[in-house]
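Hello,

The structure we discussed is below.

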Amino acid sequence: MMAKLFRAVIMGPPGSGKGTISERIAQSFGLKHLSSGDFLRENIAANTEAGVLAKTYIERGLMVPDHVMTRLLLPRLEEMTRHSWLMDGFPCTLAQAKALNSTCDLDLVISLNIPYETLKDRLSDRWIHPASGRVYNMGFNPPHVQGRDDLSGEPLIQHDNDQPEALVARLRHYKDVAKPVIDLYKSKGILHMFSGTETDRIWPYINSLLSTKIPSRPETDTQHIPLP
Ligand SMILES: Nc1nc2c(ncn2[C@H]2C[C@H](O)[C@@H](COP(=O)(O)OP(=O)(O)OP(=O)(O)O)O2)c(=O)[nH]1
Ligand SMILES: Nc1ncnc2c1ncn2[C@@H]1O[C@H](COP(=O)(O)OP(=O)(O)O)[C@@H](O)[C@H]1O
């Protein structure tokens, strides 16, 4: 018998730990981690029509318009008929949420509520390996060799828009656009909000919530059919 597919979204301001927590969820529960940023980077690398268009916005530090995002992502999600997934970075706006709504029924939305001071500290210390998108934080998960990606050994970079001046504007913008999305998911009864300053302290709560909804990845347990 095929297990029911599970579809979840994770929301939160820049630096709130969406990527970090998504990876843990993917590992523990076997959901496929989808990231809007990764989809965009793939499309940019492949020079698709949407990728070329998206690049012109990202380069200017702007959000990609809703119609480009939905045209890019919804067909990919529609194709995922055999996989449970967790989407990170989409939807970001009410228009995106409504478009997603018309494509699929979400089971759960995780919203991360992290204080500004914490975000500022984390992001000013964030280093990225541009080619892979691997993310390091000098305090939390530093690279083995300072300034170098663990796998490729290539140099790490910092984003200008992770610095405090740009972050204030990004955060304000996030709050404005996310509020109606959060309200929508609250009204549907699928929103779960987690507050705190440390991913390691938030994670056990998310883990136990998901354990009530999906079987954890059974390495040895053959009673449960793992999620595809
Ligand atoms: N010090 C500290 N750093 C953390 C913690 N959790 C995650 N980080 C680090 C890893 C990264 O360098 C940075 C941001 O984490 P993520 O890239 O997972 O965040 P998110 O995906 O929400 O950011 P984005 O939307 O891509 O800007 O903070 C934590 O509990 N403490
Ligand atoms: N849902 C979305 N709607 C509009 N633009 C998006 C969306 N997701 C990602 N983007 C664009 O792609 C860029 C990279 O996204 P991401 O990798 O999530 O990193 P970050 O949010 O830290 O910049 C964003 O800065 C934004 O321009």
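How far is a polar backbone atom of glycine 19 from an oxygen atom of ligand 1? The distance is 2.8 Å. Please keep in mind throughout that this is a predicted model.

Ligand 1

Ligand 1 has 16 residues around it, and those that come nearest are Lys18, Gly19, Thr20, Arg126 and Thr199. Serine 16 places a backbone N or O atom 3.2 Å from an oxygen atom of the ligand. Tyrosine 136 likewise has a backbone N or O atom 3.2 Å from an oxygen atom of ligand 1. On its own, ligand 1 has 640 Å² of accessible area, of which the protein covers 83%. Two or more residues of the shell come from each of H1 and strand E6 (134–137).

Helix H1

H1 runs over residues 18–29, which makes 12 residues. From its first C-alpha to its last it reaches 16 Å, close to the 16 Å expected at 1.5 Å a residue. Its buried residues are Lys18, Ile21, Ser22, Ile25, Ala26 and Phe29. Seen down the helix axis, these buried residues fall within an arc of 140 degrees, so they line one face of H1.

Ligand 2

Around ligand 2 there are 15 residues, the closest being Ser36, Leu62, Val64, Gly89 and Gln96. Helix H2 (residues 36–45) gives the most to this shell, with 4 residues. Which atoms of glycine 89 and glutamine 96 lie by a nitrogen atom of ligand 2? For glycine 89 it is a backbone N or O atom, at 2.7 Å. For glutamine 96 it is a polar side-chain atom, at 2.9 Å. Arginine 41 has an N or O atom in its side chain 3.0 Å from an oxygen atom of ligand 2. Taken alone, ligand 2 exposes 530 Å², and the protein buries 77% of that.

Regards

Methods. Residues numbered from 1 in each chain as written. Chains lettered and ligands numbered in written order. Predicted model: local features only at pLDDT ≥ 70, side-chain atom pairs only at ≥ 80, totals over all residues. Heavy atoms only, no water. Expected span 1.5 Å × (residues − 1). Buried < 20%, exposed > 50% of the residue type's maximum accessible area, 1.4 Å probe, protein only. Arc of directions from axis to C-beta. Near = heavy atom within 4 Å. Polar contact = N/O pair within 3.5 Å; in protein donor to acceptor, adjacent residues only side chain to side chain. Areas by Shrake-Rupley, 256 points an atom, 1.4 Å probe, with all protein chains shown as cover.
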